[in-house]
Structures are given as C-alpha cells and as structure tokens.
Amino acid sequence: MLTSAPSHAAVQGPCDIYAAGGSPCVAAHSTTRALFGAFSGSLYQVRRSSDNATLNIGVLVAGGVANAAAQDSFCANTTCVITVIYDQSGHGNNLTQAPAGGAAGGPDNLAYATAAPTTVGGHKVYGVFVAPGTGYRDDATSGIATGDAAEGEYAIFDGTHYDGGCCFDYGNAETSNNDTGNGHMEAIYFGNIKVWGYGSGNGPWIMADLENGLYSGVNAGLNSGDPTINDRFTTAIVKGEAGHWSIRGGNAQSGGLSTFYSGARPNVSGYNPMHKEGAIILGIGGDNSKDSAGTFYEGVMTSGYPSDTTENSVQANITAAGYAAPASVGPAPGSRISIQATTSCCTGDYIKHDDSDTKVVIAPITSSSSSTAKADSTWIVTTGLADTSCISFESANNSGQYLRHSGFELYLQAPDGSALFNQDATFCPQAGNSGTGVSFESWGYPNKFIRHYNLTAYIASDGGSNAWDATSLWPNDTSWLVASPWA
Ligand code: AHR
C-alpha cells in the first residue's frame with residue numbers, strides 16, 4: 001500500500017493509488033488529464049456547431065494531460081460543446097447529456113468546451129463549466145456502489161465558481177432521474193445553498209447530497225466543522241460505508257486534506273442503511289434539479305471505502321499535477337479603459353452608454369468629442385460582481401452603475417442586491433474570438449460574448465435565436481481592443 005506521495009508521480013495517476021489501497025476506481029472522469037498512469041485513450045468528446053462534427057480529445061502522452069490543441073484547432077472559428085466525458089476506468093461509465101427528471105425537463109444543456117480554460121503542469125487544458133441548466137448523467141452504470149455498499153468519491157472543482165441553487169453534484173444518484181427518497185444518493189455537493197445543511201462562514205461548502213438533503217454533518221442545519229472552502233482549485237471528498245460516512249477537502253494546488261466530518265449517518269429515516277442506486281450525475285441533483293453552477297476538472301468514484309492514507313496520497317498526486325489558473329487575459333481590475341470595436345466598419349467606435357436612457361451602444365469617439373461622450377465611453381474595471389476571477393465594468397461618469405445584460409441586451413444600471421444582477425454584470429475575458437484583442441464572455445451564459453450589432457451592444461452566441469446571434473462577423477463583432485481611457 002502506498003503511504004506517501006509517490007516519487008514517480010508522472011507515471012502514476014490517482015486511480016493507481018486507489019487500486020493499491022484496495023479501493024479501485026469504478027468511474028474516472030476528467031477533461032484535463034489521465035487518471036491512470038497507463039491511460040492513453042480519449043478523455044472527452046466535443047461537437048462543433050459549424051457542421052455538428054465530433055472529435056475525441058485524447059492525452060498528449062500515456063498518463064498525461066489533455067491534447068487541448070486538438071480541440072482548439074477543431075473548434076477554430078466556431079463553437080464547441082462537450083458531448084461525452086469518457087470513463088477512464090474501463091467500466092464504460094461515460095457521462096453524456098442528462099435527460100429530463102422529476103424536478104426539471106431536459107435534455108440538459110451541454111457545457112461549452114472553452115468556457116473553463118486552465119493549465120495542468122503548464123499545459124493549457126479545459127475543465128467543464130456548468131452554468132445553470134447544464135448537466136451530465138449515466139443512468140446505466142457498471143461497478144458503481146448500490147444499496148449500502150461502500151464507495152469513495154473525489155472531485156476537483158473551481159472553488160470560486162459556485163452558487164446557491166440546487167445542486168452542483170458529482171457522484172452517485174438515482175437511475176430513474178427522480179427523487180426516490182432519502183438515502184438514494186451519495187454525491188459530492190459544492191456550493192452555498194442553505195436549504196438543508198450548511199457549514200461555517202458564508203460558503204461555499206463541500207457537502208454530501210444524500211437525497212432530500214445536503215448534509216454538512218450528522219444533522220441538517222449548521223455543522224460548524226464543515227468550513228467555507230474556496231480555493232481556486234478545491235479537492236472535495238465524500239465517502240460512505242455501512243453506518244458511517246465522511247467529508248474531506250483541501251487545496252488542490254498545495255498541502256494536504258482535512259477531515260470536516262467523519263461519523264454516523266443522519267439520524268433520519270432512509271439514510272441508514274443507504275439505498276444507493278448507482279447512477280452518476282455531474283452538475284445537477286438526483287431529480288435533475290439544475291439551478292446550480294460550478295466547474296469540474298476531474299473526479300472518480302471507487303468501489304470500497306478508501307482509507308484517509310490512500311486519499312492523502314491521491315491529494316499528493318493532485319498537487320504534483322500542477323493545476324494553475326491560466327495567464328490572465330484582458331484588463332486588470334482597477335484599470336480605467338475604453339473598449340474599441342475591431343470590425344472593419346467600426347474601428348473608430350467605442351462601447352458607450354447613452355445619456356437619454358440606459359442603453360449601451362458603440363459610437364465614434366475622437367479627441368474632439370465632447371467631454372461627456374468621452375466619459376460615457378470610459379470604464380473602470382472591477383473584480384467581477386459574481387466571480388472574483390472575472391471582471392465587471394463600472395461607468396466612469398455614472399459611479400456605481402455597471403454594464404449588465406438583460407434579455408441579452410446590454411444596459412447601464414446600478415446593482416439591486418440580487419445575485420442575478422451580479423451574474424449579469426460579470427464577464428470573463430478570453431483571447432479575442434477573431435484572433436485579435438479580447439472577448440468578454442458572459443459569466444452566466446458561457447459562449448455568449450459582448451457584441452455590437454447594428455451599433456447596439458448585446459451578449460451574443462455564434463448562431464442562435466436572436467438577430468444579434470448572426471454568425472456573419474460574429475468573431476469580429478465580439479473582439480475588442482482595450483484602449484487608453486478617453487476620460
Ligand atoms: O438532496 C438535495 C436534492 O433534493 C437532490 O439532489 C434532488 O434530487 C432533490 O430535489
């Protein structure tokens with residue numbers, strides 16, 4: 001049995017460590033890297049919108065990281081979604097588009113393939129960005145724990161991307177897509193919903209979704225041993241065996257794991273013994289509740305209850321893998337900028353708010369423009385109102401008012417205190433969609449970017465139901481130059 005961080009981490013994956021510890025992986029999902037040292041198959045599949053063609057994305061070398069360059073080339077000048085997250089364990093437990101369930105219709109949305117860029121070991125790769133409405137599932141699995149059988153689960157999430165909706169989960173759920181009662185699930189939950197259990201601080205928390213309850217400890221409500229944990233890369237663990245279960249967690253970039261709960265099953269009918277059904281969900285609740293957000297990089301489910309020692313070695317493997325946020329693109333919080341269009345029609349135009357209404361447009365600005373027009377086209381970049389790893393734009397002359405979308409059109413408004421406003425006002429910069437400048441992706445609608453269309457500003461996808469989703473000139477209309485502030 002392995003008892004410490006392996007010196008040969010480059011050829012050993014988390015699932016080799018679980019197997020050596022007597023609790024082998026029966027599902028292993030990642031869009032970023034191989035989870036077995038010998039794995040050389042496909043990690044995931046993408047589908048592009050231009051012709052609906054699909055491509056499997058493999059690893060650069062056996063046991064290595066995803067070949068993101070293959071995705072970039074296949075998805076160039078179009079958009080891609082993740083259609084399959086393959087099971088690396090050999091059990092065929094692939095995750096695909098989740099169907100309708102008792103709580104919500106379906107099929108669920110698929111994640112945009114470029115929405116969660118990151119790096120592993122210095123290599124650019126992509127995670128799975130779950131916006132509300134997005135979900136993956138496998139209802140016909142093999143080898144996954146059922147009934148009261150023991151299992152372990154870990155996942156790496158973006159600890160800064162979460163919400164209070166139900167339920168951003170990864171793990172064991174019902175095979176029918178319906179809530180079939182207490183104890184019919186055992187999945188990792190990550191977020192700050194307080195409807196059932198919660199922990200100390202304001203969240204997010206790692207909890208166990210055991211069905212009809214997210215548990216942070218033995219009882220519903222506050223269990224102060226379960227701390228707020230929001231590392232950019234967070235390792236989250238839930239494991240269960242007869243009469244006993246645990247929550248553990250840590251920073252996936254450094255350090256070890258802590259145990260946040262280890263003890264008895266909830267003292268509520270249905271949870272002891274458990275009635276696990278063995279389906280696998282990602283991004284949703286057991287009954288397809290899909291009001292939640294999060295980002296998933298990798299995760300596994302094991303047969304048997306892994307020892308803390310085994311998990312500590314897995315954590316060492318994870319920290320050695322070298323997850324890191326991608327180099328930041330776009331303007332830094334605190335900077336004062338103007339935002340210049342790049343489409344050939346309009347290279348003298350800048351994003352500007354109207355004075356007579358709350359609309360946002362592009363308009364020509366020159367050194368001889370009025371001081372009001374110059375100030376109307378100047379923006380103070382702030383950390384994102386909904387996500388500190390993204391940004392928001394505050395007006396330079398209407399202090400306290402921000403660019404936000406509503407009905408997919410941009411407006412200048414003051415926050416109303418709602419989470420929705422903050423999400424609508426948060427944009428995540430990416431390299432320009434045309435290859436020039438920078439593009440600003442809507443936080444809540446990945447792959448809708450700030451676009452000008454008929455001189456008005458929107459958020460737009462590359463094809464879609466709104467006129468401003470027109471594919472013609474979309475890459476150019478969504479690419480901007482960060483310019484010196486006019487005021
Ligand atoms: O247990 C919390 C949620 O409750 C489950 O994910 C869902 O199936 C039910 O609505």
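The model is predicted: local features need pLDDT of at least 70, side-chain atom pairs count only at pLDDT 80 or more, and totals for chains, interfaces and linings use all residues. Residues are numbered from 1 along each chain as its sequence is written, and side-chain values use heavy atoms, without hydrogens or water.

**Ligand site**
- The ligand is surrounded by 13 residues, each with a heavy atom within 4 Å of it.
- D209, E211, N212, G213 and D287 are the closest.
- By class, this shell has four nonpolar, five polar (Gly counts as polar) and four charged residues (Asp, Glu, Lys and Arg).
- The side chain of D209 places an N or O atom 2.6 Å from a ligand oxygen.
- A polar backbone atom of N212 is 2.9 Å from an oxygen atom of the ligand.
- For G286, a backbone N or O atom lies 3.1 Å from a ligand oxygen.
- On its own the ligand has 280 Å² of accessible area, and the protein covers 93% of that (Shrake-Rupley method, 1.4 Å probe).

**Nonpolar cores**
- The largest nonpolar core holds 71 residues (buried nonpolar residues of the types Ala, Val, Leu, Ile, Met, Phe, Trp, Tyr and Cys, joined through side-chain atoms within 4.5 Å).
- V46, V128, Y136, Y154, F157 and Y170 touch the most other members.
- Another core, of 21 residues, lies apart from it and includes V360, W379, L403 and A457.

**G283**
- G283 sits in the loop between β20 (279–282) and β21 (294–302) (strands are DSSP E runs of at least two residues, numbered from the N terminus).
- G283 counts as buried because its relative accessibility is 0% (buried means under 20%, with a 1.4 Å probe and protein chains only).
- Leaving out residues up to four places away in sequence, G283 touches V130, T134, C167, F168, D169 and S292 (heavy atoms within 4.5 Å).

Conventions
Buried < 20%, exposed > 50% of the residue type's maximum accessible area, 1.4 Å probe, protein only. Polar contact = N/O pair within 3.5 Å; in protein donor to acceptor, adjacent residues only side chain to side chain. Helix = DSSP H or I, 4+ residues; strand = E, 2+ residues; numbered from the N terminus.
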